[in-house]
Amino acid sequence: MIALPPLRRRTRISLTPMIDVVFLLLIFFMLAARLGPAAVLPLATGSGAPMPTDLPPRLVELRAEGVFLNGVPQARLEDLAQPDAVQPLFAALDTLGGRAAPLALRPAADVSLEALAQLLDRLSQGGAAHVILVSP
Amino acid sequence: MITLPRRSAQKSVRPEPIIPMINVVFLLLIFFLISAAITPPPPVEIRLPQLHTSEGNARQEMGSADVYFTRAADTLFEGQANAAALSALLERLQKAEGTPVITLHADAALEAAEFVALFQALRDAVQGARAEPLRFELSVRRE
């Protein structure tokens, strides 16, 4: 005679350990994830195509004393935080024939990349179409 | 005589069992854990340049190669440094499909002139790797 035991009622599993594990995973992914879209500045390079403008290039120098257009001071470095910091530069460009002219941007040796990035950002926001990085 | 256990008469009124659902949820969780690609951390501590504007380009993840310029003016790519990094990047670009984007992560304290020199060396090294022009972008932080 085979007597199978009667089916035991299933005990309810406790939710607390599962919630513990899920929270551990959640915290792991929160720490491992990079939040927010990373911001980038496009860097123009010579594509071999001719410039769409026949204006001559202008020399923009980034020195510790400020931003110079063809050797004339236009803005101070510490003012690059202000939205209208490069307005004098663009006004000078407009008197020279327009801001569509290619800009040769030459940083001096004692300026940080941060200042260069801030100037590139201001220039692209102001509508400078062609900025070429030139080594000193 | 064989005694089989008696089936419960009220089976139809029991609530849905929760354990199979938990099993499936854990299977899905493990599947996504394994298939997810976690962004590798930067090889060195890099402080990105801080900009004062809030609007601008967002990064496109498709087909981008991450190159790091350290404060000591070293070029890093996939665990290689300087000349080895450039040749590893060149190899990667020759295999890439579509228009590859090279994202430069440069330290904010790097001198701008050194950055331009490193950028030009990088450009010269990878120029001609592909028929179409490459796209470069500089990783920054915005307010």
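By relative accessibility, does E61(A) count as buried or exposed?

Modeller: Happy to! This is a predicted model: local features need pLDDT of at least 70 and side-chain atom pairs pLDDT 80 or more, while totals for chains, interfaces and linings use all residues. Residues are numbered from 1 along each chain, chains are lettered from A and ligands numbered from 1 as written, and side-chain values use heavy atoms, without hydrogens or water.

E61(A) counts as buried, at 11% relative accessibility (buried is under 20%, exposed over 50%, partly exposed in between; 1.4 Å probe, protein chains only). Its salt-bridge partner is R63(A), with the closest N and O atoms 3.1 Å apart (Lys or Arg side-chain nitrogen within 4 Å of an Asp or Glu carboxyl oxygen). R63(A) is partly exposed, at 25%.

Another pair joins R142(B) to D121(A), whose closest N and O atoms are 3.4 Å apart. This one crosses between chains, linking the segment after β6 of chain B to helix α3 (residues 113-126) of chain A (DSSP runs: helices H or I, at least four residues; strands E, at least two; numbered from the N terminus). R142(B) and D121(A) are both buried.

In chain B, R71(B) meets D107(B) at 3.7 Å, N to O. R71(B) sits in the loop between β2 and β3 and D107(B) in the loop between β5 and α3, so the pair ties together parts 36 residues apart in sequence. R71(B) is exposed at 53%, whereas D107(B) is buried at 3%.

Back to your residue: E61(A), R63(A), E65(A) and R106(A) form one network through salt bridges with shared partners. Over all chains, the count is nine salt bridges.
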